[in-house]
Each structure stands twice: as structure tokens, then as C-alpha cells.
Amino acid sequence: MITSAIEHPAILKTCHYLEKHQGFEITIIPANSAGIVDVDDIEKAITNKTALVTVMMVNNEIGSIQPIKEIGSLCHKHNVHFHCDAVQAVGKIPFDLSNLQVDSLSISAHKIYGPKGVGCLYLREGINIPPLTHGGSQEKGMRSGTENVAGIVGFGIAAKLAQEKMHYNFTRIERLRSLFLDKLHSEIDDFSINGDIYTNVPSTINIQFSGIRGEYRRS
């Protein structure tokens, strides 16, 4: 299995668990100074035993956008399942699943102001996975248990609104980011931005201030 060093713990900790308890070999690909994974590094790591590549679309800490289309094409060339964590991308950047060549993709409702505790797993047609839980025929037999209908409907409405307002929100937040950074530069000298704001989503900025520890809390 191949993943990146900047994945959300939902991915990284699962990979570490599979490595420790199931005997999987995990290869972790580093990111560059902009927080972006190099597609060539992934290709070099693929072997005839590689079963899965999983790379997020947008990083949750610095907002870097990953080259998902290129990674998907690479994985299909090598006949490797490609999963993408798109939780931080939905509603923030446009993407078309028909062009990305992802085999599976996960999103979460609460990141687009939908109900908490509701998620979605996209599976490309022809992809089969074993059931997550057993006991019923819900979700085409992949996840037994009575569906949270209210949550699902709320997720659908949130997704519709996110799609309709994506361009407006992107432009508005981009403007707010510029105002924030202009003010920051005028008031504070000793700080730096982690990542590259020109290759990130505008809604996420990661800043470090000299002499201040990241975990600092005022008592």
C-alpha cells in the first residue's frame, strides 16, 4: 500500500494498523515544501505487489491541492486501486469524477455544513468491496444497519447548496484571505506561511510565528 506523509490520521493510522496487525507493507511518500506529492515518487514506489494507493485531494492542515488526475492515470496504468480522501475538497474546488480515474473516494457531510456523522463512499462501477458490517442488505449489502434518512437527506441538500455556491464562496474567501494576509504583513514582521498559497485552497492558511510554540495556550 502506498500513501503520503500528509494524509489525515483517518488514513495514516489505518495504514499503520494494517501494517502492524495484518502484515501489509506501507510505503509513505513525502511531500515537497508546498505540501504536494510528486507523482514520479509514487510511480517509483509501485511494485507488482502494490494493491492500493491512497492520496487526499486537499490537505487538511495547509490546504495543498494534490495532482489527483495524474495519480489516477498512473494507478490505472499499473492496474492499482486508487482511493482519494476528498473530505476537504468538496464544496471548495470543482472536480469531475469521470475525469479523475479514482476507484473509490470518500467525503463527509460536516465539512460542507451538513449533518455530523454522515459520510459518503463513492465506488467506481465494477469495484467490489467486502461488507463493512454484516447482518442486513442495506447500502447494497456493504454496510448493514438502518440508514440515517434525515442525515442522508441533509447531506444531499448540503451538497446541492455547496455546488450552487462554490464559485461565490471561493471568490469571497479568496478576497478575505488577501485582506487577512495584507493586514498580517502590515502588523507583524516575523512570520512565515507553510506551503504555497498559490497552490492551496483559499480557505486554509497555515502560519508559523517565530518564537511561539504551536501548542501554546494562554493560562
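Student: Which residues form a nonpolar patch on the surface?

Tutor: In this predicted model, the patch is formed by Val149, Val153, Ile157 and Leu161, which together have about 350 Å² of accessible area.

Student: Why is valine 149 called exposed?

Tutor: The relative accessibility of valine 149 is 56%. A residue is exposed when the value is over 50%, so valine 149 counts as exposed. Valine 149 lies in helix H5, which covers residues 149-164.

Student: How do you know that the span of H5 agrees with its number of residues?

Tutor: H5 has 16 residues, and at 1.5 Å a residue these should span 22 Å. The C-alpha atoms at its ends are 23 Å apart, which agrees with that expectation.

Student: Which residues of H5 are buried, and what makes them line one face of the helix?

Tutor: The buried residues of H5 are Gly151, Phe155, Ala158 and Ala162. Viewed down the axis of H5, its buried residues fall within an arc of 70°, and therefore they line one face. What covers them includes strand S5 (104-108), strand S6 (119-123) and helix H6 (166-187). On the face turned away from the buried side are the exposed residues Val149, Ala150, Lys160, Gln163 and Glu164.

Student: What makes lysine 160 and glutamate 164 a salt bridge?

Tutor: Their side chains meet with a distance of 2.6 Å from N to O. The definition asks for a nitrogen and an oxygen within 4 Å, so the pair qualifies as a salt bridge. Because lysine 160 and glutamate 164 are four residues apart in helix H5, about one helical turn separates them.

Student: How many salt bridges does a search of the whole structure find?

Tutor: The search finds four. One of them joins aspartate 103 to arginine 124, with the closest N and O atoms 2.7 Å apart. Aspartate 103 is in the loop between helix H4 (97-100) and S5, while arginine 124 is in the loop between S6 and H5, so the pair ties together parts that are 21 residues apart in sequence.

Conventions:
Residues numbered from 1 in each chain as written. Predicted model: local features only at pLDDT ≥ 70, side-chain atom pairs only at ≥ 80, totals over all residues. Heavy atoms only, no water. Patch = residues over 30% accessible without salt bridge, like charges linked within 9 Å, V, L, I, M, F, W, Y side chains within 5 Å. Areas by Shrake-Rupley, 256 points an atom, 1.4 Å probe, with all protein chains shown as cover. Helix = DSSP H or I, 4+ residues; strand = E, 2+ residues; numbered from the N terminus. Buried < 20%, exposed > 50% of the residue type's maximum accessible area, 1.4 Å probe, protein only. Expected span 1.5 Å × (residues − 1). Arc of directions from axis to C-beta. Contact = heavy atoms within 4.5 Å.
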